[in-house]
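I opened a notebook for this structure. My entries below record what I looked up, in the order I looked.

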Amino acid sequence: MFPELKNIVFDLGGVLIDLHRDRSVEAFRRLGFPQIEDLLNPYYPKGVFSELEGGAITVEQACRRIGEMAGREIPCDEIRQAYKAFLGEIAPYKLRAIDALREAGLRTYVLSNNNAMVFPHIENTLFAADGKRMSDYFDAIYLSFRMHLLKPSPEIFRAMIADSGMKPEETLFLDDGERNVATAHQLGFHVYMPRPGEDFSPLLREIALR
């Protein structure tokens, strides 16, 4: 299906990490922040959350903004916990499939719209199922808040290409955001958009066995 692949690029939320939007929305409502319903989109967050993921504001600034919108001061740790409720687990079979890809000689990467509020939890907790670290699974990790760029802009893909040296025609990009996949395809990447909850490990095993 995907000939001559040398690289696989993974999105995090919705591809590797299970997402629970309703759980996070309810947690924010309990904090007195009902505006969350309009701002927390699993593919393309809006407002303060978009600014946080784009690296335009710090975690502390985001917490102050959320407090101002809620009309009361909300401790940043409580906001962090409500946001973390969005994140589920990473199924161990996905991590083992990435291991198999690397053992087969493919290079693996992450390209994610993410933010400094929850990324420490992702990095330090969600990849620990087999006693490894997140960095053990990837050659490089590209995050929107560090790059000050957001998917689906072509610029974030071009920055990743320039830094890694990957060639799009030798690279498979997996993402659950339609606009992200469309941009990648226009830039020459092979693309795959997993359905919600899909077990796409057979595809990864097929690639690893070539």
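Which residues is Leu12 in contact with, leaving aside its neighbours within four places in sequence? I found Ile17, Val110, Ser112, Asn114, Phe119, Ile122, Phe127, Met134 and Leu143, where contact means heavy atoms within 4.5 Å.

A note on the source. This is a predicted model, in which local features need pLDDT of at least 70 and side-chain atom pairs count only at pLDDT 80 or more, while totals for chains, interfaces and linings use all residues. Residues are numbered from 1 along each chain as its sequence is written, and side-chain values use heavy atoms, with hydrogens and water left out.

Cores. I looked up the largest nonpolar core and found 55 residues; Phe10, Leu12, Ile122 and Phe127 touch the most other members. A second, separate core has 12 residues, including Leu111, Ala140, Met160 and Ala184. A nonpolar core here is a set of buried Ala, Val, Leu, Ile, Met, Phe, Trp, Tyr and Cys residues joined through side-chain atoms within 4.5 Å. Buried means under 20% relative accessible area, exposed over 50%, and partly exposed in between (1.4 Å probe, protein chains only).

I read the strand order as 3-2-1-4-5, in an open sheet of five strands with parallel pairing. Strand 3 (140-143) and strand 5 (190-192) are the edge strands, each pairing on one side only. From one strand to the next the twist averages 20°, with axes fitted as lines to C-alpha atoms, for helices over the stretch in contact, and angles running from 0 to 180 degrees between N-to-C directions. Helices (H or I, at least four residues) and strands (E, at least two) are DSSP runs, numbered from the N terminus. Two strands pair if DSSP finds at least two bridges between them.

Pairs. Strand 1 (residues 7-10) pairs with strand 2 (residues 107-112) over four bridges, and Val9 stands opposite Tyr109. Strand 1 also pairs with strand 4 over four bridges; there Phe10 faces Leu174. Strand 4 and strand 5 share three bridges, with Phe173 opposite Val191.

Strand 4. Which residues point one way from strand 4, and which the other? Thr171 and Phe173 point one way, Leu172 and Leu174 the other, and all are buried.

Val25. I placed Val25 in helix 1 (residues 21-30). Val25 is buried, with a relative accessible area of 3%. Not counting residues up to four places away in sequence, Val25 touches Ile36, Glu37 and Leu40. Val25 and Tyr83 are 58 residues apart in sequence, yet 8.4 Å apart in space, C-alpha to C-alpha.
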